[in-house]
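Here's a walk through one predicted model, from its cores out to its surface.

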Amino acid sequence: RDEEPVHEVFLSSYWIDKYETTALDFSKFLNINLEKSNLYFRFGKATTIEFVSGKFRPRSGMEKLPANGISWYGADSYCRFLKKRLPTEAEWEKAARGRDQRIFPWGNSFPNPKWVTFRRKFSKLGFKVFSPVNEMEKGQSPYGIYHMAGNIWEWVFDWYEDIYYEYSPENDPQGPNSGETKVLRGGNWYYKAYYLRAVYRYNDRPESLKVWQGVRCAKSVK
């Protein structure tokens, strides 16, 4: 229901990161913002970042895995720190599926485990549920962007509302003015193929710190 009605959207030019934010890069951000780190990130047995001797760092060998366990506040602040921003929901979807109404970033064929991480159990595989952010080339979107399906859910700027598409503006939609939850896109390493669709809208409270939440940044073209 919340994916309807199907409608055209026109977007101003923008940039979006080719890769999800890595454990290495988000660790550096956390170490500069230690006083707010509890708001931005929660360490756990399944996070690619660990906390050792008062500092955050990627787990050994996981520098290029996606950072996870990030709240919306952490994602938003990280992008702003880089003088970027979170993509809007519409920008994220355009970057994921292009103009041809494809179902998945790579096209309409059913997901292949060689080009997308999905249906992987952490209890069996551990951190092998993830793929490095610059791998799985066959899963790229039409614009050459990696992992817009699988790996981790990605926060976007917008508040979530199930009926938003019924009244959203045609040009540069920014989402509702307020809400209780924020939108995430792209699925994760465990969810089934249905949730990997480029139109699927997930949502959670902005303060939530769940292990499958990560970030990719965008930037307006001035």
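Let's start with the disulfide. Cys79 is buried, as is Cys217; buried here means under 20% relative accessible area, exposed means over 50%, and partly exposed is in between (1.4 Å probe, protein chains only). These two cysteines form a disulfide with their sulfur atoms 2.1 Å apart. The rule asks for a pair of cysteine sulfur atoms within 2.5 Å, and by that rule the count comes to 1 disulfide. The link of Cys79 and Cys217 is left-handed, with -90° about the S-S bond. It ties together distant parts of the chain, 138 residues apart: Cys79 sits in helix 3, and Cys217 in the loop between strand 7 (213-214) and strand 8 (218-220). Helices (H or I, at least four residues) and strands (E, at least two) are DSSP runs, numbered from the N terminus.

A word on the ground rules. This is a predicted model, where local features need pLDDT of at least 70 and side-chain atom pairs count only at pLDDT 80 or more, while totals for chains, interfaces and linings use all residues. Residues are numbered from 1 along each chain as its sequence is written, and side-chain values use heavy atoms, with hydrogens and water left out.

Now the cores. A nonpolar core is a set of buried Ala, Val, Leu, Ile, Met, Phe, Trp, Tyr and Cys residues joined through side-chain atoms within 4.5 Å. The largest one has 23 residues, and those with the most contacts inside it are Phe26, Leu30, Phe41, Ile49, Ile70, Tyr78 and Val215. Helix 1 (23-32), helix 3 and strand 4 (153-159) each supply at least two residues of this core. A second, separate core of 12 residues includes Ile16, Tyr160, Val183 and Ala198.

What does Ile70 touch, not counting residues up to four places away in sequence? Its partners include Phe26, Phe41, Trp155, Leu209 and Val215, where contact means heavy atoms within 4.5 Å.

Helix 4 (residues 89-97) is largely enclosed by the rest of the structure, because 8 of its 9 residues are buried. The buried ones are Glu89, Ala90, Glu91, Trp92, Glu93, Ala95, Ala96 and Arg97. Their cover includes strand 1 (14-16), strand 4 and strand 5 (182-185).

That brings us to the charges. Side chains of opposite charge can pair when their charged atoms come close. A salt bridge is counted when a side-chain nitrogen of Lys or Arg is within 4 Å of a carboxyl oxygen of Asp or Glu, and the structure holds 15 of them. Here are some of them:

| Salt bridge | N to O distance |
|---|---|
| Arg59 and Glu50 | 4.0 Å |
| Arg201 and Glu89 | 2.7 Å |
| Arg205 and Glu207 | 2.8 Å |

By contrast, Arg205 is partly exposed at 40% relative accessible area, and Glu207 is partly exposed at 37%.

A few backbone spots deserve a look. Glu4 and Pro5 are joined by a cis peptide bond, with omega about -5°; Pro5 lies in the segment before strand 1. Just after helix 4, Gly98 takes a positive phi of about 65°. Gln101 is not a glycine, yet has a positive phi of about 60°. Asn151 isn't a glycine either, and its positive phi is about 65°.

Is Gln101 buried or exposed? At 61% relative accessibility, Gln101 counts as exposed, and it lies in the loop between helix 4 and helix 5 (122-125). Asn151, in the loop between helix 5 and strand 4, is buried with a relative accessible area of 0%.

Last stop, the surface. Ile32, Phe81 and Leu82 form a nonpolar patch with about 270 Å² of accessible area together. Patches are made of residues with over 30% relative accessible area and no salt bridge; like charges are joined within 9 Å, nonpolar side chains (Val, Leu, Ile, Met, Phe, Trp, Tyr) within 5 Å. The areas come from the Shrake-Rupley method with a 1.4 Å probe, and for residues only the protein chains shown count as cover. Phe81 is found in helix 3 (residues 72-81) and is partly exposed at 40% relative accessibility.
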